[in-house]
Amino acid sequence: MTQLLAVSGLNKTYADDGRTVHALRDVSLHISVGECLGVVGESGSGKSTLVRLLLALERPDSGEAMLDGVPMFQLKPKELRAMRRHIQVVFQDPSAALNQRLPIWRSIMEPLDNFPDEKPAFLADVRHSRRETAVRLLEMVGLQAAHLDRYPHELSGGQKQRVAIARGISLGPKLLICDEPTSSLDVSVQAQMLKLLKELKRELGIAYLFISHDIAAVSMMSDRFIVMKEGQIVDRFARGQLLGEERHAYTRELVAAAT
Ligand SMILES: Nc1ncnc2c1ncn2[C@@H]1O[C@H](COP(=O)(O)OP(=O)(O)OP(=O)(O)O)[C@@H](O)[C@H]1O
């Protein structure tokens with residue numbers, strides 16, 4: 001499989017009350033085109049730090065991330081902005097991700113409005129019209145044109161997360177980071193959201209970095225897995241190997257805690 005993202009030797013420390021916190025220690029991973037890499041780890045294991053670095057919101061102390069062979073942390077701000085459209089994110093809390101004062105269709109169109117020349121293949125026939133484009137995106141995530149002019153407070157949590165996913169896929173990214181995308185949702189809605197993400201992955205060929213403390217959700221989505229603890233990757237394995245004898249003790253603890 002063609003490699004999409006190759007992260008090597010990422011280190012990130014923070015100063016906290018005079019103490020140095022190693023949020024990431026020598027983290028290396030790769031994701032192939034169209035693949036889902038699941039990331040599991042308890043709170044404080046470094047998952048959000050990894051996301052912030054990949055979104056270029058912060059820089060690592062050392063290490064590199066190559067996206068399609070381009071070294072991200074060496075890019076100039078303008079180049080970085082252009083590259084960033086290839087990595088989109090869906091966060092845990094869709095309410096925080098959507099502007100409460102904008103109707104849904106405007107929120108959905110924000111990324112495309114920021115990159116007016118982008119025309120992903122699945123939007124090519126509607127891109128001439130912002131509203132038609134928004135309808136197409138809504139339909140792709142299981143909502144309808146009737147939702148176009150609603151405001152976030154008029155939607156359920158699951159519907160808001162669908163809108164956030166519509167935004168996330170709108171630029172046809174190569175990588176979608178799903179950062180605890182189901183954690184804020186009712187249990188009954190979580191499975192529907194995972195099903196939707198799976199369908200979009202298959203339809204659009206997007207690779208996912210799927211982060212969750214919910215091992216069941218990660219197992220359902222991912223082709224391969226990494227387990228993080230105190231900023232380090234302590235275990236790596238492929239689908240079907242979660243319950244294997246060779247699993248790290250910490251992975252087994254997480255599995256035991258989840259069952
Ligand atoms: N800005 C910061 N300043 C100081 N310490 C930080 C900062 N950001 C993260 N840390 C520390 O780095 C470590 C990793 O944090 P991180 O948020 O990446 O973990 P996480 O696995 O995403 O946890 P959670 O699931 O709770 O978000 C933690 O010990 C955290 O306290």
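Strands E9 and E10 form a hairpin with 2 residues between them, and glutamate 230 in the turn has a positive phi of about 45°. Strands here are DSSP runs (E, at least two residues), as are helices (H or I, at least four residues), with numbering from the N terminus. E9 covers residues 224–229 and E10 residues 232–238, and the two pair in the antiparallel sense over 6 bridges. Pairing takes at least two DSSP bridges between two strands. Arginine 224 sits opposite alanine 238 in E10.

All of this comes from a predicted model, in which local features need pLDDT of at least 70, side-chain atom pairs count only at pLDDT 80 or more, and totals for chains, interfaces and linings use all residues. Residues are numbered from 1 along each chain as its sequence is written, and side-chain values use heavy atoms, with hydrogens and water left out.

On to the ligand. Its shell, meaning residues with a heavy atom within 4 Å of it, is made up of Tyr14, Val21, Ala23, Glu42, Ser43, Gly44, Ser45, Gly46, Lys47, Ser48, Thr49 and Arg52. These split into 3 nonpolar, 6 polar and 3 charged residues; Ala, Val, Leu, Ile, Met, Phe, Trp, Tyr, Cys and Pro count as nonpolar, Asp, Glu, Lys and Arg as charged, and the others, Gly among them, as polar. Several polar contacts (N or O atoms paired within 3.5 Å; within protein, one must be able to donate a hydrogen and the other to accept it, and residues adjacent in sequence count only if both atoms are side-chain atoms) turn up here. A ligand oxygen is 3.0 Å from a polar backbone atom of serine 45, and an oxygen atom of the ligand is 2.6 Å from a side-chain N or O atom of threonine 49. A ligand nitrogen is 3.3 Å from an N or O atom in the side chain of arginine 52. Taken alone, the ligand exposes 620 Å², and the protein buries 63% of that (Shrake-Rupley areas with a 1.4 Å probe; for residues, only the protein chains shown count as cover). Strand E2 (19–32) and helix H1 (47–54) are the elements giving two or more residues to the shell, and H1 gives the most, with 4 residues.

E2 also belongs to an open sheet of 4 strands, in the order E2-E1-E4-E5 with antiparallel pairing. E2 and strand E5 (70–71) are at the edges with a single partner strand each, so one side of each has no neighbour in the sheet. Strand E1 (residues 3–16) pairs with E2 in the antiparallel sense over 10 bridges, and lysine 12 has leucine 24 in E2 as its bridge partner. Aspartate 26, also in strand E2, has a positive phi of about 50° although it is not a glycine. This aspartate 26 counts as exposed because its relative accessibility is 54%; exposed means over 50% relative accessible area, buried under 20%, and partly exposed in between (1.4 Å probe, protein chains only).

Elsewhere, E6 (residues 87–90) and E7 (residues 175–179) pair in the parallel sense over 4 bridges, with glutamine 88 opposite leucine 176 in E7. Ile87 and Val89 point one way from E6, Gln88 and Val90 the other, and all are buried. Glutamate 180, in the loop between E7 and helix H7 (187–204), has a positive phi of about 55° although it is not a glycine. Glutamate 180 is buried, with a relative accessible area of 8%.
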